[in-house]
Amino acid sequence: MERSLRLSANQKAIILEHVVRCLPEEACGLLGGYGSFVKRVILVTNRLHSPVRFYMEPSELLEALEALEEEELELVGIFHSHPHGPPVPSETDLREFAYPESLMVILSPQGKDWQLRAFEIDMENRTFREVDLVLEEE
């Protein structure tokens, strides 16, 4: 079955606001839902405060995962930005990705806008495959 991820216009706006607010650092967060549908965006602090790497603040990550569990939502995606890098997973992203059942969403600047792309990660081979990211209208 071909995987995909669906974001509403409002969810995209929440993510983009977080990404811009965190500049010049990488921003990060979780996407909760079921199947390909995102139902909840949870913003998490980048503990490294780095423009080229992210590490989710452990206490916030734990709280976010507990919230998803309480709401009976799956972790369908993890997002982060590449403020100065390409819109694909880096070697570091592939090496450190810890949730193979979820998709990796990367945001990167493209002119005045931000490009969002979703990827399925093969942790064993450290490779990735792009999947459809559907941006829905409200």
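Contact means that heavy atoms lie within 4.5 Å of each other. The exercises below use this term and a few others. The structure is a predicted model, in which local features need pLDDT of at least 70 and side-chain atom pairs count only at pLDDT 80 or more, while totals for chains, interfaces and linings use all residues. Residues are numbered from 1 along each chain as its sequence is written, and side-chain values use heavy atoms, with hydrogens and water left out.

**Exercise 1. The surroundings of Arg3**

Determine where Arg3 lies and which residues it touches.

Solution. 
- Step 1: Locate the residue. Arg3 belongs to the segment before strand E1 (4–8); helices (H or I, at least four residues) and strands (E, at least two) are DSSP runs, numbered from the N terminus.
- Step 2: List the contacts. With neighbours within four places in sequence set aside, Arg3 is in contact with Pro100, Glu101, Ser102, Leu103, Glu120, Val131 and Asp132.
- Step 3: Relate sequence to space. Arg3 and Leu103 are 100 residues apart in sequence, and their C-alpha atoms are 9.0 Å apart in space.
- Step 4: Classify the accessibility. Buried means under 20% relative accessible area, exposed means over 50%, and partly exposed lies in between (1.4 Å probe, protein chains only). Arg3 has 22% relative accessibility and therefore counts as partly exposed.

**Exercise 2. Aromatic pairs**

State how many aromatic pairs a search of the whole structure finds, and classify the pairs by their geometry.

Solution. 
- Step 1: Recall the rule. Rings of Phe, Tyr and Trp (its six-membered ring) pair if their centres lie within 6.5 Å; planes under 30 degrees apart count as stacked, over 60 as edge-to-face and the rest as tilted.
- Step 2: Count. The search of the whole structure finds two aromatic pairs.
- Step 3: Classify Tyr34 and Phe37. Their ring centres are 6.1 Å apart and their planes stand at 35 degrees, so the pair is tilted. Tyr34 is partly exposed at 44% relative accessible area, and Phe37 is partly exposed at 35%.
- Step 4: Classify Phe119 and Phe128. Their ring centres are 5.4 Å apart and their planes stand at 85 degrees, so the pair is edge-to-face. Phe119 counts as buried at 1% relative accessibility, whereas Phe128 is partly exposed at 37% relative accessible area.

**Exercise 3. Backbone details in loops**

Describe the backbone at Pro24, His49 and Arg126.

Solution. 
- Step 1: The peptide bond from Leu23 to Pro24 is cis, with omega near 10 degrees. Pro24 lies in the loop between helix H1 (9–22) and strand E2 (28–34).
- Step 2: His49, a residue other than glycine, has a positive phi near 45 degrees. It is placed in the loop between strand E3 (37–44) and helix H2 (58–70), and His49 is partly exposed at 46% relative accessibility.
- Step 3: Arg126, also a residue other than glycine, has a positive phi near 50 degrees. Arg126 is found in the loop between strand E6 (113–122) and strand E7 (127–136), and at 44% relative accessibility Arg126 counts as partly exposed.

**Exercise 4. The chain as a whole**

Summarise the secondary structure and the overall form of the chain.

Solution. 
- Step 1: The chain has three helices and seven strands, in the order β-α-β-β-α-β-α-β-β-β along the sequence.
- Step 2: The radius of gyration (taken over C-alpha atoms) is compared with the globule rule, 2.2 Å times the number of residues to the power 0.38. The chain's value is 14 Å, close to the 14 Å that the rule gives for 138 residues, so the chain is as compact as a globular protein of that length.
- Step 3: Of the 138 residues, 44% count as buried.
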